[in-house]
Amino acid sequence: MFSCASKKIATAKRTITQVIGEGPVDSAVVAEVLTSQAEIMEEQAEERQPTIALVAHENMNGMMRHFVEIHRQQLKVFQLVGTATTCNMLRELGLEPLGETKSGPLGGDQEVGAMICQGNLQAVFFFRDPLSSHANIADIEALCRLADCYQVYQCTNYRSASAVLSFMFKRHLKRVGGG
C-alpha cells in the first residue's frame, strides 16, 4: 500500500532507533537521519490521505472548537483522530473522526505517540495550555519528542495549526488534481 516510501520509512525508523541506542549521539548523524525522515514523510504525503490528530488541553477546548469551525471545509478532506472530548466536538460540527484516544493524563498522549511511531499520523495539532501546569508533562514532552523524531507536523497553537493545515490542504488539492 505504501510502496517504496514505507520501505524507506521502516529503514529510517530502524536508523533512528539504532542511533539513539548507540549511546553518545553524533549530532551530524542525527541531523542526517532526521533529514532523511523528513524526506520520507514528504513522499508519504503524496501517496495517501493524511491523518491529523486534534488534541486540546481543557482550557483550550474553546479555541479548538473555533479552529474546527473556521477550518471545517479543509479538515473534511483529512482523516481525523483525537481525544474523546475533541471527537465529540468534531461530530457536533459535522465531521466524522476515524478514531479517538483516551484523555491525555489517562494515556491519550501515549496513544497519539504510538500512532506517530506506527507511521499513522502526519500531523498533531495539540493546543496546549501554556499558562497551567500539567500532571502528565512527561507524556506531553514525549509526544513532542516523537513528533520531532518522526518529522510529523506539530502545531501547539491556533496560528501554526492554521498555517500547516493550509499547506496540507493545498498539497491535497494538488495531489487530487484540483489545485
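**Reading helices, rings and a pocket**

Mentor: Let's start with two helices: α3 (residues 61-75) and α7 (residues 158-176) pack at an angle of about 10°, and their axes are 11 Å apart. Keep in mind that this is a predicted model.

Trainee: How is α3 oriented relative to α7: roughly parallel or roughly antiparallel?

Mentor: Angles under 35 degrees count as roughly parallel, so α3 is roughly parallel to α7.

Trainee: Which residues make the contact?

Mentor: From α3, they include Met 63, His 66, Phe 67 and Ile 70. On the α7 side, Tyr 158, Ala 161, Leu 165 and Phe 169 are among them. Sorted by class, this contact has 8 nonpolar and 6 polar residues, with no charged ones.

Trainee: What about aromatic pairs; how many are there?

Mentor: The count is 5. Take Phe 67 and Phe 125: their rings sit 5.8 Å centre to centre with 90° between the planes, and the pair is edge-to-face. Phe 67 belongs to helix α3 and Phe 125 to strand β4 (residues 123-127), so to speak distant parts of the chain, 58 residues apart.

Trainee: And how do I read a pocket?

Mentor: The general idea is that rolling a probe the size of a water molecule over the atoms shows where empty space is left. Here, the largest pocket has a volume of about 370 Å³. It is lined by 20 residues, and Ala 56, His 57, Glu 58, Ser 103 and Pro 105 are the closest to its centre.

Trainee: Which elements give two or more residues to that lining?

Mentor: Those are β1 (51-56) and α4 (84-92). By class, the lining has 6 nonpolar, 10 polar and 4 charged residues.

Key: Residues numbered from 1 in each chain as written. Predicted model: local features only at pLDDT ≥ 70, side-chain atom pairs only at ≥ 80, totals over all residues. Heavy atoms only, no water. 1 Å grid on protein atoms, 1.4 Å probe; cavity = no way out; pocket = protein on both sides within 12 Å on 5 of 7 lines; lining within 4 Å. Points joined across faces, edges and corners; volume = space filled by probe spheres on them. Helix = DSSP H or I, 4+ residues; strand = E, 2+ residues; numbered from the N terminus. Nonpolar A, V, L, I, M, F, W, Y, C, P; charged D, E, K, R; others polar. Axes fitted to C-alpha atoms, helices over the stretch in contact; angles between N-to-C directions. Parallel < 35°, antiparallel > 145°, perpendicular 65-115°, else oblique. Contact = heavy atoms within 4.5 Å. Phe/Tyr/Trp six-rings, centres within 6.5 Å; stacked < 30°, edge-to-face > 60°.
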